[in-house]
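Open the model in your viewer and keep the selection tool at hand. The stops below go from one selection to the next.

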Amino acid sequence: MAVELSWYEEGRVVYQRFCGVLAVDDVQAVAHALKQQAEKGMLPVHTIVDVRQVTEFPASISEINSLKNDADMMGWMVVIGLHPAVRSLARVMSWLRGVQYRPVSTLEDALNFLARQDSALVHLAPQNGLSG
């Protein structure tokens, strides 16, 4: 699995992009790195998780449930490209763990959502194609 972990908006929004086979051990390692990154930010720190290039997810609910919530940063976790069949399960699991979760289809949707949720991020919302 390849992963990119960087600030999308320095100190406020972390961007994660996963590619290939997503294994539980890899996700736990990234969650630990994400926690360290977020500790340098200003609360609430939000996370955009892009899984559009993931070819395989953990197979069982027990594997998914074993993931620790080490990256709880009090902000939203916005997931791009999660298969519709998995969205309901992800929503329930995030609710049980107290994570604010939102599935979206594109990066633009993620940025628009975060801008609506956090007024400090309103500048991230892409323009609607209108030039002033």
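Select Leu 114 and show what surrounds it: leaving out residues up to four places away in sequence, Leu 114 touches Val 13, His 46, Ile 48, Trp 76, Val 78 and Leu 121. Keep in mind that this is a predicted model. Leu 114 belongs to helix H4, residues 107-117. Is Leu 114 buried or exposed? Its relative accessibility is 0%, and because buried means under 20%, Leu 114 counts as buried.

Leu 114 and Val 78 are 36 residues apart in sequence, while their C-alpha atoms are 8.2 Å apart in space.

Next, widen the view to the core around these residues. The largest nonpolar core has 13 residues, and Val 13, Ile 48, Val 78, Ala 110 and Leu 114 are those with the most contacts inside it. In soluble globular proteins, nonpolar side chains tend to be buried together.

Apart from neighbours within four places in sequence, Ala 110 is in contact with Ile 48, Val 78, Ile 80 and Val 104. Then look for a second, separate core: this one has eleven residues, among them Val 27, Val 54, Leu 82 and Ala 90.

Last, select Arg 12, which is placed in the loop between S1 and S2. Is Arg 12 buried or exposed? With 8% relative accessibility, Arg 12 counts as buried. Show its side chain together with that of Asp 118: a polar contact of 2.4 Å joins the two. Not counting residues up to four places away in sequence, the residues that Arg 12 touches are Trp 7, Met 42, Pro 44, Val 45, His 46, Asp 118, Ala 120 and Leu 121. His 46 and Leu 121 were also on the contact list of Leu 114, where the tour began.

Technical notes: Residues are numbered from 1 along each chain as its sequence is written. This is a predicted model: local features need pLDDT of at least 70, side-chain atom pairs count only at pLDDT 80 or more; totals for chains, interfaces and linings use all residues. Side-chain values use heavy atoms; hydrogens and water are left out. Helices (H or I, at least four residues) and strands (E, at least two) are DSSP runs, numbered from the N terminus. Buried means under 20% relative accessible area, exposed over 50%, partly exposed in between (1.4 Å probe, protein chains only). A polar contact is a pair of N or O atoms within 3.5 Å; within protein, one must be able to donate a hydrogen and the other to accept it, and residues adjacent in sequence count only if both atoms are side-chain atoms. Contact means heavy atoms within 4.5 Å. A nonpolar core is a set of buried Ala, Val, Leu, Ile, Met, Phe, Trp, Tyr and Cys residues joined through side-chain atoms within 4.5 Å.
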